[in-house]
Each structure stands twice: as structure tokens, then as C-alpha cells.
Amino acid sequence: MTKPTPFKVGEAYDSFADLLDQLWGANLHHGFWSGDPDESFDDATTRLTDKLTALLAAKPGDRLLDIGCGNGEPAIRLATAHGISGVGISIAPGQIDRANERAAAAGLADRLSFQVADAMDMPFPDESFDLVWALESLHHMPDRWHVVREAARVLRPGGRLALGDFFLRSVDGRPADASSCELVSMGALKLVELDEYQDQLRAAGLEPDGVEDVSDGTRPSWGKAAERFEAAREAAEHHIGPEQFQTTLRRFRQFSDEPSVGYVLLTARKPA
Ligand SMILES: C[S@@+](CC[C@H](N)C(=O)[O-])C[C@H]1O[C@@H](n2cnc3c(N)ncnc32)[C@H](O)[C@@H]1O
């Protein structure tokens, strides 16, 4: 199995939108869990948005590009809290419709819009954004580093990039090896170690200036997603069939049990 094309990724997100609502909620990314047993999925996913937001250091009036914007929830939260404007892109047309509806309902339609676009081929001029952010979308891209170079191109000098992404993590001095996860061993999910990640940011002309390994806080998301998936078994099997249901559940558990699949928040700056 190789990586699916961007078109296939978008098609999958839209065809499973109802299921994703039940599994993940408005934010289509991992949670950062505080350890409180009563914490909701929404609380935890919102906390991860807020952690990346704190690293981004947005200022009122900044213009943001959100790469892989999902249902628009993270960009709407950012725009509401920090008085910024911007554009979100996703390869899934249904998400874009929802994101624009949500922005209008939040009274932000005059400064926040969402459009269908492939991040591999961004329809924006050079140096057109103060901030670029990609929260859990780069792992889908056929070439992560091409998208990072595109992000660097559209950032203005002095602008900032913030990323939330999976990475390959060494644990207790053992060499990082995530091959126990099918999606990794099949090549459908490509992970690199943090040093390589930061080298690639530098190669794109950016200066990495923040890195936070949040794996311990995000890891419970896999188990919680597996629980919610099992609870939604009937609807899930209706959408994807019993065989794919079992495969997906197995994969959630593999990720949950594999400490080499880490989650990192990274920031970088384009030199002024
Ligand atoms: C895991 S979701 C994260 C969504 C959102 N950032 C959030 O945190 O709620 C991944 C997102 O990346 C988008 N995506 C995947 N491949 C893409 C591509 N080639 N171009 C643009 N968006 C893409 C998907 O459509 C989806 O919106």
C-alpha cells in the first residue's frame, strides 16, 4: 500500500464525515489529555489547538493560512481569540462547505474563508501570509517537504509557521522503529525523526525556533478513539463494512501501543 492520492484522501474524509463527527467531533485532530478521567474529547482536542496557538504567537491583524483546515474549527478559534484574518484549505469539498457555514455562524465570514485546494499546489502568491499553520494534516501529503517549501514560499519574511504532526520517536534509548504499525510498515504513513524534521525546515529556508514533544499527552487519543469507534460499531460497519471496521480498530490499537509513533508541535520563522 502506498500513500493515497490527495483526491482519494478528500473523498474519504467527505464520505466518512458523519462517522468522524461521532468519533472525533468538530476538531479532527488528537487531544492533549490532562489526566482528568471526566475530560471530554472536545476539551482535549481544543487543548491541543490552544497549545499550538500559544506557540504561534499570533497578533491582531495577522493573516493566516491553515493547511488542511478540516471543519474549520481550529482556524475559527484562532481568529476569534486573536483577531486575525485568513484562509483555510482542504482537499475535501464537504469540509469546506461546513467550515464556511461555521465561520458565517461565528460572525467571521468577513475575515475568514475556506476553499478547496491541494496543499501540494497552493494557489497563493509568494509572501502573502504572516502565519501558516498545519495541524495534523502533513502526514497525508504525498510529499511533506514539498508542502513545507510551499508554506515557506507563501510566508512573508518574518512570518511564522506552526505544525502539529506525527514523528518517529526513540524511546528509552532504543532506536525508533514504528514498523509494528501496519500503516507505517506499508508505507502509507511516513514518519521521520525530529532531527530530520528540523533539517527539512532549514532546507526550506526556515529557522526552527520551537519544538515540543507532546506524545505523552496525545497518546490516550488512540485508545479513546478506539472506545468511541467500538461504541459506534453499527454505524461504522454500515459505512465501511465489518472487515474494514476490524482493520481500523486494530490500527487504532497498534498506534496506542507503539511509543515510537510520537506527536510533535513545531514552530519556525522565515528570516526577515
Ligand atoms: C486530520 S485532519 C485535520 C483537520 C484540521 N487541521 C483539524 O485539526 O481539525 C487532516 C486534514 O488535512 C486535509 N488534507 C489532506 N490532504 C490534503 C491536501 N493534499 N491538500 C489540502 N488538504 C489536505 C484533509 O482534508 C483534512 O482536512
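Reader: Why is Trp222 called buried?
Author: This is a predicted model, and in it Trp222 has 10% relative accessibility. Buried means under 20%, so Trp222 counts as buried.

Reader: What about Phe255, buried or exposed?
Author: Buried, because its relative accessibility is 4%, and the cut-off is under 20%.

Reader: How many aromatic pairs are there?
Author: The count is 11 aromatic pairs.

Reader: Why is the pair of Trp222 and Phe255 called stacked?
Author: The ring centres of Trp222 and Phe255 are 4.4 Å apart, with 20° between the planes. Centres within 6.5 Å make a pair and planes under 30 degrees apart count as stacked, so this pair is stacked.

Reader: What makes this a tie between parts of the chain?
Author: Trp222 belongs to helix H10 (residues 220-231) and Phe255 to helix H11 (residues 233-257), so the pair ties together parts that are 33 residues apart in sequence.

Reader: Why is the pair of Phe229 and Phe252 called edge-to-face?
Author: Between the planes of Phe229 and Phe252 there are 90°, at 5.6 Å centre to centre. Phe229 lies in helix H10 and Phe252 in helix H11, 23 residues apart. Both Phe229 and Phe252 are buried.

Reader: How do you know that the charged end of Lys51 sits over the ring of Phe32?
Author: The charged end of Lys51 is 4.5 Å from the centre of the Phe32 ring. The distance cut-off is within 6 Å, and the charge must also lie within 35 degrees of the ring normal.

Key:
Residues numbered from 1 in each chain as written. Predicted model: local features only at pLDDT ≥ 70, side-chain atom pairs only at ≥ 80, totals over all residues. Heavy atoms only, no water. Phe/Tyr/Trp six-rings, centres within 6.5 Å; stacked < 30°, edge-to-face > 60°. Helix = DSSP H or I, 4+ residues; strand = E, 2+ residues; numbered from the N terminus. Buried < 20%, exposed > 50% of the residue type's maximum accessible area, 1.4 Å probe, protein only.
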